[in-house]
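Work through the following exercises with the sequence and the model side by side. Each task is followed by a solution that goes step by step.

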Amino acid sequence: MPNISQLNIAVIGAGAIGLKHLEGFSGHPAARLVAVAETSVERGQAAIEAFKVPTLVSDYREILNREDIDIVSIALPNYLHASVALEALEAGKHVVLDKPMATNADDAEKVAALARSKGLHLMVGQNQRFSLKAQTLKQMCLDGKLGDLYYAKATWLRRSGIPRIGSWFTSKQFAGGGCVYDIGIHVLDLALHFLGEFDVASVSGQTFSKFGPRGLGEGEWGKSETNPDQVFDVEDFASAFIRLKSGRALQLEVSWAAHLETRDVNGVQLFGEDGGATSNPLKLFRSDCGEPVVEEPELADPLVNPDRMQHFVDVVLGEAESFVPLDESLKAQRILDMIYKSAATGEEIRLDV
Ligand SMILES: NC(=O)c1ccc[n+]([C@@H]2O[C@H](COP(=O)([O-])OP(=O)(O)OC[C@H]3O[C@@H](n4cnc5c(N)ncnc54)[C@H](O)[C@@H]3O)[C@@H](O)[C@H]2O)c1
């Protein structure tokens with residue numbers, strides 16, 4: 001356990017989610033925000049003023065060269081996640097990375113391997129796991145309240161939620177993928193987390209790109225710059241059927257844009273031998289006598305700090321085990337690759353180990 005009571009933190013990228021990282025860290029008594037790296041002077045300046053951070057740099061390497069910085073949090077466009085994480089780990093920093101871990105599983109493996117070889121903490125900030133509702137449901141799964149879980153539906157369907165058409169988000173080169181990489185990974189990770197199993201056997205997936213290429217379906221998220229010449233070459237809808245090694249299965253459905261009655265449906269539905277549940281809203285179901293019994297449970301005491309950044313500080317301080325084990329993030333990232341491979345080949349992809 002490190003013999004320290006205060007950790008110096010730097011955040012790289014102060015766009016829409018970087019501000020959330022800063023907000024999270026600022027609420028932890030042992031976290032001292034010491035620097036922000038941001039290429040946009042305007043966004044960087046606004047961030048350091050809002051969170052009273054003493055230093056703003058445009059080149060993140062200045063941060064990595066500073067010996068007094070313990071934790072680097074990465075809130076950059078997806079294509080920079082793996083390379084900046086590798087540099088940060090090489091410089092001896094603990095790293096918390098926003099999702100997705102990388103733009104492909106091989107790069108994610110390289111980052112994980114370096115963290116392990118250096119003995120540094122690396123966590124992908126899958127924030128949906130940390131919500132009080134998700135932590136309550138996870139506790140119920142651990143307690144066996146639903147019995148053996150055999151199936152899950154992981155859904156994030158947005159009616160009109162493409163984050164800035166023409167930004168890095170909608171470019172395969174810069175984002176790695178579209179809605180699957182942006183929001184699908186959240187509910188995929190959450191479903192696997194509830195099931196307690198990340199070992200995939202096979203994936204059959206299909207992707208569609210129906211709205212973005214027509215300039216339709218943009219949402220409100222984000223501050224990313226746009227380029228009118230940027231081609232929209234990622235999916236805005238995807239569906240995948242995922243078999244796990246144990247025989248459990250899950251269905252992932254995700255859209256950035258679709259003709260839907262509801263604006264945004266986001267959550268996991270669980271099917272267990274002794275009960276079913278939805279994560280959002282948090283409800284449990286049983287149908288013992290033919291009639292459904294519906295329970296809306298009270299939120300339980302959290303298993304870990306509900307703020308992922310504050311949790312990571314606890315992890316580095318040696319006060320908590322990472323709630324997002326690295327191995328699970330790698331396996332989830334592998335599934336993303338398999339979805340695209342299946343969509344491209346029109347075949348089910350098997351992972352034979
Ligand atoms: N966990 C979540 O719920 C969640 C939500 C949204 C986004 N994200 C993830 O967070 C990441 C960032 O998303 P965003 O919406 O904040 O994007 P964004 O475009 O708003 O922010 C990215 C920021 O990085 C800055 N930047 C780019 N290159 C840089 C560099 N070399 N050095 C320093 N700064 C640089 C940009 O100027 C921009 O301000 C993405 O990977 C995205 O998937 C996570």
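**Exercise 1.** Does arginine 164 count as buried, exposed or partly exposed, and how many C-beta neighbours does arginine 164 have inside 10 Å?

Solution. The model is a predicted one, in which local features need pLDDT of at least 70 and side-chain atom pairs count only at pLDDT 80 or more, while totals for chains, interfaces and linings use all residues. Residues are numbered from 1 along each chain as its sequence is written. The scale to apply calls a residue buried if 20 or more other C-beta atoms lie within 10 Å of its own, exposed if 12 or fewer, and partly exposed in between, with C-beta atoms placed from the backbone. Arginine 164 has 19 such neighbours inside 10 Å and therefore counts as partly exposed. Its place is the loop between strand S7 (149-158) and helix H7 (172-175), where helices (H or I, at least four residues) and strands (E, at least two) are DSSP runs numbered from the N terminus. Although arginine 164 is not a glycine, its phi is positive, at about 55 degrees.

**Exercise 2.** Determine how far helix H9 (residues 308-316) is covered, and what its buried residues pack against.

Solution. Counting first, 8 of the 9 residues of H9 are buried, which makes the helix mostly covered. Among these buried residues are Arg308, Phe312 and Val316. Turning to their partners, the buried residues of H9 pack against several elements, including strand S1 (7-12), helix H1 (16-26) and strand S2 (31-37), a contact being two C-beta atoms, placed from the backbone, that lie within 7 Å. Just after H9, glycine 318 takes a positive phi of about 85 degrees.

**Exercise 3.** Describe how helix H8 (residues 179-195) and helix H10 (residues 326-345) cross.

Solution. The axes, lines fitted to C-alpha atoms over the stretch in contact, with angles from 0 to 180 degrees between N-to-C directions, come within 10 Å and cross at roughly 125 degrees. H8 and H10 are therefore oblique to each other, since angles under 35 degrees count as roughly parallel, over 145 as roughly antiparallel, 65 to 115 as roughly perpendicular and the rest as oblique. From H8 the contact draws on residues including Tyr181, Leu188 and Asp189, and from H10 on Ala332, Ile335, Leu336 and Ile339.

**Exercise 4.** Which residues does the cis peptide bond with omega near 5 degrees join, and where does the proline lie?

Solution. The bond runs from asparagine 280 to proline 281, and proline 281 lies in the loop between strand S12 (276-279) and strand S13 (282-286).
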